[in-house]
Amino acid sequence: FSLLKRCFNILVFLIFCLTGLAQHSDGYGVHLPKFYRQKIHFGFTIAGNNCDFRLNPRPNSQFPDTVLGNSTFGVKTVYTKPAKGFAIGLVTDTRLGEYVRLRFTPNISFASRKILYTLATPDLDSFKVFEKSVESVFLIFPLECKIQSKRQGNFSAYIISGGGYTLDLAARKKAGGSGGTNQLDDNVKLTRDDYFYSAGAGTDFYLQYFKLGFELKLLIGTKNLLKSENSVFTNSIDKIRSRMVVFTITFEG
């Protein structure tokens, strides 16, 4: 979660700097004074993400002799290596109450993850390491509730939570398991549909012509994405679930 820590530090720094500017605003310097009262408004987002998997390895799984020669290798460890990506999207924001808003923020997100397998013989005299990349292009459809603080000058803070649906456009393009002696070239294949819940926090800064927001959010997938096939790599895993940390900049008018 190094990206999460860096994004949090950036968010705190921006809050500190921009809050100082906002506090110097008197009644005549308040930007967009009627923004709170709008029933609906729109905008767009750009974001950076850090994607990862939550893995449940299958205990005592083995790579058969037909794949790795005459030696029997067992799966010693299976773990994931997160990677960075980016996203762009739209914002539809509807007012439910004085400090409560409902937000629909569909976006397209480009992501990558890696799964690393460490294999060992029973007497631990030989090891092998394999790395499998999983590329994804997500259509993400979040529906979330945003609870804002009372506006202070040109600044307000908020928390946000909800859930949504994810469609992986690249899921069907991944090569499946062959079941033969060339299984070392197989990729890990995932299902394309997932549902997630989300939670995060952010800040809004009211500028002269639009509202600028910074948001840090965690998305946790709920479905087992692993598509079981006759492959030594998928047979070594029981469950795969998604996890994504997203730092978003929003522009709303």
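Q: A polar contact is a pair of N or O atoms within 3.5 Å, where within protein one must be able to donate a hydrogen and the other to accept it, and residues adjacent in sequence count only if both atoms are side-chain atoms; what makes a polar contact with the side chain of Ser242?
A: The side chain of Asp194 makes this contact, at 3.0 Å, a value that lies within the 3.5 Å limit. The model is predicted, so that local features need pLDDT of at least 70 and side-chain atom pairs pLDDT 80 or more, whereas totals for chains, interfaces and linings use all residues. Side-chain values use heavy atoms, without hydrogens and water, and residues are numbered from 1 along each chain as its sequence is written.

Q: Why is Ser242 called buried?
A: Ser242, which is found in strand 10 (residues 237-252), has a relative accessible area of 16%, and buried means under 20% (exposed is over 50%, partly exposed in between, with a 1.4 Å probe and protein chains only), so Ser242 counts as buried. Across the protein chain, 45% of the 253 residues count as buried.

Q: Which residues are in contact with Ser242, leaving aside its neighbours within four places in sequence?
A: With contact taken as heavy atoms within 4.5 Å, Ser242 touches Asp52, Phe53, Arg54, Asp194, Leu219, Ile220, Gly221 and Leu225. Arg54 lies 188 residues from Ser242 along the chain, yet their C-alpha atoms are separated by 6.1 Å. In the protein chain, 75% of the contacts with a separation of 6 or more join residues 24 or more positions apart.

Key. Helices (H or I, at least four residues) and strands (E, at least two) are DSSP runs, numbered from the N terminus.
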